[in-house]
Amino acid sequence: MNRREAIRKASVAAGTTILTPALLSLLQSCQSEPRIDWVPRFLSHEEAAFLGAFIDTILPRTATPGGLDVKVDVFLDRIIAETYDEAGQEYFRTELNELADRAKEQYGATLSVLNDSDRTAFLMSEEKEGGKFRQGVWGTPVGEGEPVSFYRNLKSMVIWGYLTSEKIGTDVLRYDPIPGNYLGCIPLAEGERSWSL
Amino acid sequence: MPSFNIDAEKDITYDAIVIGSGISGGWAAKELCEKGLKTLVLERGRLVEHVKDYPTMNLDPWDTELRGSLTPEQKAKHYKGIRSGFIGTDTEHFHANDQENPYTEVKPFLWIRAHQMGGRSILWGKQTYRWSDLDFEANAKDGHGVDWPIRYKDIAPWYTYVEKFAGISGEPMGLPQLPDSHFLPPMELNCVEKHLKGRIEKQYPGRHLIIGRCAHLTVPLNGRGKCQNRNRCSRGCPYGAYFSSNAVTLPAANVTGNLTIRPFSIVQSIVYDEVKGKATGVRIIDAETNEDIVYKAKIIFCNASALSSTQILLNSKSKRFENGLGNDSGELGHNLMDHTYRIGALGSVEGFEDKYYKGRRPNGIYIPRYVNLKDGPQSDKFVRGFGFQGGAYRDTSRVAANQEDFGADFKDRLLQPGPWEFFITGFSECLPYHENRVYLNEDVKDKWGQPTLSIDAEFRENEKALNAQIREDAVEMLENAGVKNVQGFNKEHEMGYGIHEMGTARMGRDPKTSVLNAFNQIHAAKNVFVTDGACMTSSSCVNPSLTYMAITARAADHAVKELNKRNI
């Protein structure tokens with residue numbers, strides 16, 4: 001039995017929707033506990049829950065799938081686990097926890113339980129920090145600029161995981177694996193989607 | 001069973017041995033086999049058969065669990081090569097193992113290698129331009145290096161010959177500094193490139209913005225399909241639409257029945273017979289069994305890539321050639337050149353938000369050299385010149401990551417094309433300096449116990465002056481063409497990133513100052529030919545591979561004629 005189920009059963013048993021102090025504390029502890037429905041390889045449950053809340057704020061579900069719908073959290077955990085060396089993993093964990101701690105310090109609770117306006121305010125304050133990604137030439141960034149913040153790097157990884165997911169790549173974006181001809185100048189209607197590849 | 005004959009015979013004397021199966025080795029094999037010579041190709045790595053051995057050619061990003069990211073083990077295996085930014089899981093299997101094949105950077109130098117059948121012809125950039133007399137006369141005119149022993153007229157028919165078979169697309173322009181090839185129809189410029197072409201050509205008479213000339217079929221040719229604009233070339237093309245040894249020259253060599261290709265054959269040295277006064281064979285180490293074997297042949301073509309061919313020659317020591325085969329001049333290993341690049345400018349282009357493109361064109365734009373031409377502006381800061389490659393496209397990911405935004409509306413915009421961006425990056429000529437060199441390193445051995453190369457080379461004053469001009473011109477051109485947020489860049493990168501190593505066994509008129517003659521024969525061992533990048537006497541500013549093809553076909557023709565006359 002998971003905690004959510006425990007609360008539901010407890011409130012059914014109590015026959016009331018009024019929260020007793022005991023139940024309230026159970027609920028609060030539940031809200032600050034990680035709630036994820038997958039088993040991370042690298043992240044702790046708490047870190048994975050933070051990452052999930054982060055992804056859900058950057059790319060929420062609307063008429064199109066959100067970041068969590070296409071399992072960007074599961075994918076990024078796997079990327080850290082399988083493609084980062086130990087030093088890189090340690091750096092990622094430290095930075096992720098510092099980001100999570102800043103949200104707690106500034107808004108008094110973990111990101112996943114903050115209301116929309118607090119979440120937005122927190123992420124927007126992070127948006128102001130550090131440099132921007134530089135344009136690249138054949139895969140190599142060029143020019144000069146301030147280093148990019150961990151926040152922006154993480155956001156960029158979320159975007160990458162989202163756009164390269166099969167659902168987005170084949171159903172949401174325009175999927176054309178074998179274009180045949182190249183057409184150098186075609187009209188683009190307002191709101192029309194990009195090619196996925 | 002492979003469709004190639006891989007059973008090399010120790011007891012017979014082949015008509016020809018070709019060392020290496022990349023761009024130039026593939027051409028040597030095809031030409032020699034088609035002229036009736038029993039030819040043995042010695043390939044350091046494994047067989048890579050066209051289509052059959054392209055495991056990633058059709059994979060979408062989500063088809064691989066890590067979506068192209070390398071594991072720490074893969075990064076360690078390519079610990080030098082990953083500096084290029086070109087190695088992902090889609091092409092990792094075509095890049096050489098840096099751990100098994102070390103080299104020493106006395107000064108920083110990136111050496112990108114591909115150790116399998118086809119070599120770097122699978123991975124190359126496919127930009128194909130003829131050189132002109134501006135290039136072949138350059139050394140004679142300004143005194144750097146030694147004079148080329150050939151001129152454009154000597155090689156022009158061979159350009160035509162190889163172009164007809166390789167398939168080169170492009171637009172004829174009639175420019176003396178960039179002679180037209182025998183062209184297939186050109187690829188198309190996109191809206192923004194067309195617009196900028198108009199602006200730049202109007203503003204700067206004498207400068208041209210043209211579609212890149214490239215070794216991609218825009219119409220079917222000899223059973224190969226035309227380019228499908230997937231831009232997955234370096235994984236191997238299922239249509240055979242771009243030129244590679246695997247898709248084009250080696251199958252042609254194979255149908256003659258004269259070809260044997262032996263994989264896992266690491267060439268240790270070329271065997272020189274002092275009594276006969278010529279080379280008689282090639283000593284190899286079997287990469288899998290470590291067996292030491294000598295194969296015999298009447299003529300030998302060295303096509304292992306510029307630095308690897310040089311390494312083999314340096315390692316081919318005899319009483320007659322104590323410092324390496326053909327090294328009477330002391331120039332073997334010297335005069336290493338590469339092109340500078342990743343110097344230029346980029347920015348965004350407004351006014352085309354309602355325009356897009358379809359297809360992933362594996363090609364960009366080219367701005368041919370316009371300084372220090374025969375007629376026209378001359379620089380007092382540098383000799384030689386540069387050209388630009390580049391292109392316009394719409395990016396989304398980077399722009400979105402940079403926006404100070406997130407959430408529902410942000411996600412909607414992320415699914416739409418971002419702003420148009422345009423970049424140009426210069427490629428400049430590099431002078432042949434005796435001081436830029438490679439030499440054998442007996443202290444660092446490869447997996448098979450062989451001495452490796454030390455590379456001691458750097459760009460110098462003339463290249464730096466060219467680079468400064470590239471950056472200045474690039475920024476000015478883009479600003480005057482109306483590009484917004486123009487940013488100049490100059491990576492000042494080390495040599496090797498151009499992946500155009502050249503010059504370490506140069507051709508020349510005088511055996512005292514060069515290694516090879518006008519037909520790529522070693523001056524003092526005329527049955528040994530070197531026709532890869534090692535043979536180049538200068539570097540031009542345009543991509544060299546087409547010239548390697550033409551020089552190889554010309555040398556093979558000469559070799560067979562000389563063989564038939566019993567001159568070699």
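Trainee: Which residue of strand 20 of chain B is the bridge partner of C302(B)?
Mentor: The partner of C302(B) in strand 20 of chain B is V530(B). Please keep in mind that this is a predicted model.

Trainee: In which sense do strand 10 and strand 20 of chain B pair, parallel or antiparallel?
Mentor: Strand 10 of chain B and strand 20 of chain B, residues 525-530, are paired in the parallel sense, with three bridges.

Trainee: And how many bridges join strand 10 of chain B to strand 1 of chain B?
Mentor: Six bridges join them, and the two strands run parallel. Strand 1 of chain B covers residues 13-19, and strand 10 of chain B covers residues 292-302. Within this pair, K296(B) of strand 10 lies opposite T13(B).

Trainee: What about strand 9 of chain B, parallel or antiparallel to strand 10 of chain B?
Mentor: That pairing is antiparallel, and it has five bridges between strand 9 of chain B, residues 278-286, and strand 10 of chain B. I285(B) has D292(B) of strand 10 as its bridge partner, while I284(B) stands opposite I293(B) in strand 10 of chain B.

Trainee: How many residues lie between strand 9 and strand 10 of chain B in their hairpin?
Mentor: There are five residues between the two strands of that hairpin. In the turn, N290(B) has a positive phi of about 65°.

Trainee: With which strand does strand 8 of chain B form a hairpin?
Mentor: Strand 8 of chain B forms a hairpin with strand 9 of chain B, with four residues between them. G277(B) in that turn has a positive phi of about 70°. Strand 8 of chain B spans residues 265-273, and eight bridges pair it with strand 9 of chain B in the antiparallel sense.

Trainee: Let us turn to helices. At what angle do helix 1 and helix 7 of chain B pack?
Mentor: The angle between helix 1 of chain B, residues 23-34, and helix 7 of chain B, residues 245-255, is about 25°, and the axes are 7 Å apart. That angle makes helix 1 of chain B roughly parallel to helix 7 of chain B. The crossing is left-handed.

Trainee: Which residues make that contact?
Mentor: Helix 1 of chain B contributes I23(B), G25(B), G26(B), W27(B), A29(B), K30(B) and C33(B). From helix 7 of chain B come S245(B), T249(B), L250(B), A252(B) and A253(B). By class, this contact has seven nonpolar residues, four polar and one charged.

Trainee: How is the crossing of helix 1 with helix 12 of chain B, left-handed or right-handed?
Mentor: The crossing of helix 1 of chain B and helix 12 of chain B is right-handed. Helix 12 of chain B comprises residues 545-564; its axis comes within 9 Å of the axis of helix 1 of chain B, and the two cross at roughly 30°. Helix 1 of chain B and helix 12 of chain B are therefore roughly parallel to each other.

Trainee: Which residues of helix 1 of chain B meet helix 12 of chain B?
Mentor: They are I23(B), S24(B), W27(B), A28(B), E31(B) and L32(B). Among the residues they meet in helix 12 of chain B are Y548(B), M549(B) and V560(B). The contact divides into nine nonpolar, three polar and two charged residues.

Trainee: Changing topic, how many residues does each chain give to the contact between chain A and chain B?
Mentor: Chain A gives 51 residues and chain B gives 50 residues. On the side of chain A, helix 7 of chain A gives the most, with six residues.

Trainee: Which strand of chain B is joined by bridges to strand 3 of chain A?
Mentor: Strand 12 of chain B, residues 355-358, is joined to strand 3 of chain A by three bridges, and the two run antiparallel. P187(A) has K355(B) as its bridge partner there.

Trainee: Finally, how many helices and strands are in chain B?
Mentor: Chain B has 12 helices and 20 strands. Its radius of gyration is 23 Å, close to the 24 Å that the globule rule gives for 568 residues, so chain B is as compact as a globular protein of that length.

Note on methods
Residues are numbered from 1 along each chain as its sequence is written. Chains are lettered from A and ligands numbered from 1 in the order in which they are written. This is a predicted model: local features need pLDDT of at least 70, side-chain atom pairs count only at pLDDT 80 or more; totals for chains, interfaces and linings use all residues. Two strands pair if DSSP finds at least two bridges between them. Axes are lines fitted to C-alpha atoms, for helices over the stretch in contact, and angles run from 0 to 180 degrees between N-to-C directions. Angles under 35 degrees count as roughly parallel, over 145 as roughly antiparallel, 65 to 115 as roughly perpendicular and the rest as oblique. A crossing is left-handed if the near helix is turned anticlockwise from the far one by less than a right angle, and right-handed if clockwise. Two residues are in contact if their C-beta atoms, placed from the backbone, lie within 7 Å. Ala, Val, Leu, Ile, Met, Phe, Trp, Tyr, Cys and Pro count as nonpolar, Asp, Glu, Lys and Arg as charged, and the others, Gly among them, as polar. The radius of gyration is taken over C-alpha atoms; the globule rule is 2.2 Å times the number of residues to the power 0.38.
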